[in-house]
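This briefing goes through one protein structure, topic by topic. Look at the sequence and the model first, then read on.

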Amino acid sequence: MTQPLFLKGVMQEKIWGGTNLRDFFGYDIPSEHTGELWAISAHKNGPAVVKSGKYAGKTLTELWDQHRELFGNQKGDVFPLLTKILDAKTELSVQVHPDDAYGLKHEGELGKTECWYVIDSDKDAQIVFGHQAKTREEFITMIEQEKWEDLLRYVTVKPGDFFYVPSGTIHAIGGGITILETQQSSDTTYRVYDYDRKDAEGNTRPLHIKQSIDVTTIPHVDPDLSQTTAEQQGALITTLVENEFFTVQDWKISGESTFKSSGLYTLVSVLDGMGTLTVDSETYTLKKGTHFILPNGIDNWTFNGDFHIISSIPGKAI
């Protein structure tokens, strides 16, 4: 396979969503409360569809099940990664995700370790990242007494910030923030607190206090991020995070630059700008909001233009 897989993602409406997916990227959105684009997804709750080429019309799930050679015959029941863009017009619930062992046992799917690249944010916008409890008993007591301001850690963000959010981390994306999220392919979320807000029908959303207590890392530990940056002709490449689940990089392209594959396959999202991609003498136009996979067998490719990309591969670079 020497053609990239260009994908049409799936929009997800959310109580906290807005219109930035339309306003920033020009996507068609289903409502004024559109919270997420599942841009590169093989999850059953929102599989992306191939837009063109040999596999046009097939879902990424079908390709994973029927053409595993596209992914280097990687083992596993499910395509391991999911790339989203989230528009948080208002704050998301305070939540936590399980690890693989807990997720598989209790939910029948992977846990969720994720990371966020801040595309845009209002001035002084904040996220919740971690908590202040020193023991599980203190954590439980603070939840029972609803001491949220004492329990939660708040961090002010700006465009270009990056956060690694391992499973077990209490977190929430605050209002006025648009991010690109790279995560394990899981839709399991345990809500700890949702600001007592109600949906259009006047109902509150369910909380998952027991599960949250079970899976939260206590005390909170800030993950170690040892980022590295390398220059090559026409590109500045920053490795944002590298672990057993994914390696995520920031590519800033300015001119012509040739890349070599460092994983079984590569997920690519264009956040800004425009240019071209050349693979096996075939040239494709790229623009802001394009998402695609460079499947196994594409060992090198060339970008030309002025644009900004977030890429990911499964696991660590090889």
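**A loop residue and the model**

Arg-205 sits in the loop between strand 13 (190-193) and helix 6. Helices (H or I, at least four residues) and strands (E, at least two) are DSSP runs, numbered from the N terminus. The model is predicted, so local features need pLDDT of at least 70 and side-chain atom pairs count only at pLDDT 80 or more, while totals for chains, interfaces and linings use all residues. Residues are numbered from 1 along each chain as its sequence is written, and side-chain values use heavy atoms, with hydrogens and water left out.

**Surroundings of Arg-205**

- The side chain of Arg-205 makes a polar contact with the side chain of Asp-194, at 3.0 Å.
- A polar contact is a pair of N or O atoms within 3.5 Å; within protein, one must be able to donate a hydrogen and the other to accept it, and residues adjacent in sequence count only if both atoms are side-chain atoms.
- Not counting residues up to four places away in sequence, Arg-205 is in contact with Ile-15, Trp-16, Ser-93, Arg-191, Asp-194 and Arg-197; contact means heavy atoms within 4.5 Å.

- Six strands make an open sheet in the order 2-3-5-12-7-10, with antiparallel pairing.
- Strand 2 (10-18) and strand 10 (162-165) stand at the edges with a single partner strand each, so one side of each has no neighbour in the sheet.
- On average, neighbouring strands of this sheet are turned by 25° against each other, direction ignored; axes are lines fitted to C-alpha atoms, for helices over the stretch in contact, and angles run from 0 to 180 degrees between N-to-C directions.
- Strand 5 (residues 81-88) and strand 12 run antiparallel and are joined by eight bridges; two strands pair if DSSP finds at least two bridges between them.
- Asp-87 stands opposite Thr-178 in strand 12.

**Two buried residues in the strands**

- Ile-85 lies in strand 5 and is buried, with a relative accessible area of 0%.
- Buried means under 20% relative accessible area, exposed over 50%, and partly exposed in between (1.4 Å probe, protein chains only).
- Leaving aside neighbours within four places in sequence, the contacts of Ile-85 include Leu-21, Phe-25, Ile-119 and His-291.
- Ile-85 and Asn-20 are 65 residues apart in sequence, and their C-alpha atoms are 9.9 Å apart in space.
- Gln-183 belongs to strand 12 (residues 177-184) and counts as buried at 0% relative accessibility.
- The side chains of Gln-183 and Lys-84 make a polar contact (3.1 Å).

**Salt bridges**

- The structure holds ten salt bridges, each a side-chain nitrogen of Lys or Arg within 4 Å of a carboxyl oxygen of Asp or Glu.
- Side chains of opposite charge can pair when their charged atoms come close.
- Asp-214 and Lys-210 form a salt bridge of 2.9 Å, N to O.
- About one helical turn separates Asp-214 and Lys-210, because they are four residues apart in helix 6 (residues 209-215).
- Asp-214 is partly exposed, with a relative accessible area of 37%, whereas Lys-210 is exposed at 56%.
- Asp-161 forms a salt bridge with Lys-158, with the closest N and O atoms 2.9 Å apart; Asp-161 is buried, with a relative accessible area of 15%.
- Asp-124 forms a salt bridge with Lys-123, with the closest N and O atoms 3.4 Å apart, and both Asp-124 and Lys-123 are exposed.
- A network of salt bridges links Arg-22, Asp-23 and Glu-32.
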